[in-house]
Amino acid sequence: MQSDQQRRVERGVYLSLGAYIFLSIVKLVSGIFFNSDALVADGLNNATDIIASIAVLIGLKISRKPADEDHPYGHLRAETIASMVASFIMVVIGIEVLISSIKKMFNGVETEPSLTAALIALFGAAVMIIVYLYNIKVAKETDSQGLKAAALDNRSDAFVSIGAAVGIFGAQIGLPWLDPAAAVLVGLIIIKTGWEIFTETSHNLSDGFDYEEGKEMEHKILDVEGVENVGDLKARKHGNRAIIDVTIKVDPSLNVVESHEITEKIEDTIKEAYNVESIQVHVEPEDGKDKDNLLN
């Protein structure tokens, strides 16, 4: 990613961070003042996003460090590790919100939240939709998976705020239990989001790779002129980029220069189609196996 693109991605993360700081303060103070459990839970949700945004920023800074003796592949996984730490924090806070809200539901709701709390929740939803639209646009233009994930989180936060507003409006029409019930829903959403981030990051850190994407790469390599077969293909995520090792089978009569030209075509093809950090192509002579067997 070029420096200009990196700056654009960082601006998007800073925008999210600023919005989360502002909204979490407004919602937590307003939720307490206007007696709304749902708004307080929504504010805590934004507070977890502050931690997540800071973690992403730290990860982006570290990931830009060049390769060294201890990290020959570079530091791109720093962002992934930071996201995993943030997911733990999100799950813990989500569980706390869930337990607190359930206790209030069973103990009975003595106060009714103010209508102003609902308007504040809707204001928060509008802010996060604007942030989402900006970040998803930049993410598509820069092909940044990290910012894309942040943008989707922005959109999720907008939905959470809308849910909180619905709960508060429900309390206004004689359903006071709907406010803490909405807080329960917010807690579940926080836990779900944290779990999804954890599963994705743990999959990447354990060298997991999407099977279908791997098969697509195989097909693209087979389409390169001179490739008879793909003997083996291994890929793993390094941050938001992929490291690929592939073994190809070629005509045994080709010389070294001709084989090398094929590997260069493969590298250009895969790097053009995917976000690749590096690709190693190993060449072996074709042993006579049917090329169509690999595709079945």
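Q: Which residues does T247 touch, not counting residues up to four places away in sequence?

A: Contact means heavy atoms within 4.5 Å. By that criterion, T247 touches N229, V230, G231, D232, H282 and E284. The model is a predicted one, in which local features need pLDDT of at least 70 and side-chain atom pairs count only at pLDDT 80 or more, while totals for chains, interfaces and linings use all residues. Residues are numbered from 1 along each chain as its sequence is written, and side-chain values use heavy atoms, with hydrogens and water left out.

Q: Where is T247 found, and is T247 buried or exposed?

A: Helices (H or I, at least four residues) and strands (E, at least two) are DSSP runs, numbered from the N terminus. T247 is found in strand 2. A residue is buried under 20% relative accessible area, exposed over 50%, and partly exposed in between (1.4 Å probe, protein chains only). T247 has 14% relative accessibility and therefore counts as buried. Strand 2 as a whole is mostly covered, with 9 of its 10 residues buried.

Q: How does strand 2 pair with strand 1, and how with strand 3?

A: Strands of a sheet pair through backbone hydrogen bonds, either parallel or antiparallel. Two strands are taken as paired if DSSP finds at least two bridges between them. Strand 1 and strand 2 pair in the antiparallel sense over 9 bridges; V230, for example, has I248 in strand 2 as its bridge partner. Strand 2 (residues 241–250) and strand 3 run parallel, and 9 bridges join them. In strand 3, H282 is the bridge partner of T247, and E284 is that of K249.

Q: In what order do the strands form the sheet?

A: The order is 1-2-3, in an open sheet of 3 strands with mixed pairing. Strand 1 (229–238) and strand 3 (276–285) stand at the edges with a single partner strand each, so one side of each is left without a neighbour in the sheet. From one strand to the next, the twist averages 10°. Angles run from 0 to 180 degrees between N-to-C directions, and the axes are lines fitted to C-alpha atoms, for helices over the stretch in contact.

Q: Which helix packs on the sheet?

A: Helix 8 (residues 256–273) does, touching strand 2 and strand 3, and its direction makes about 150° with that of strand 3.

Q: How many helices and strands does the protein have?

A: The secondary structure comes to 9 helices and 3 strands. Along the sequence, the pattern reads α-α-α-α-α-α-α-β-β-α-β-α.

Q: How is the span of a helix read, and what does helix 6 reach from its first C-alpha to its last?

A: The expected span is 1.5 Å times one less than the number of residues in the helix. Helix 6 (residues 178–205) has 28 residues and reaches 40 Å, close to the 40 Å expected.

Q: What phi does D207 take, and what phi does N35 have?

A: Most residues other than glycine have a negative phi, and most peptide bonds are trans. Just after helix 6, D207 takes a positive phi of about 65°. N35, which is not a glycine, has a positive phi of about 60°. N35 is placed in the loop between helix 1 (3–33) and helix 2, and with a relative accessible area of 39% N35 is partly exposed.

Q: What radius of gyration does the protein have?

A: This radius is taken over C-alpha atoms, and the globule rule is 2.2 Å times the number of residues to the power 0.38. The protein has 25 Å, whereas a compact globule of 296 residues would have a value near 19 Å. Its C-alpha atoms fill a box of roughly 85 × 40 × 30 Å, taken along the principal axes. Buried residues make up 46% of the 296 residues.
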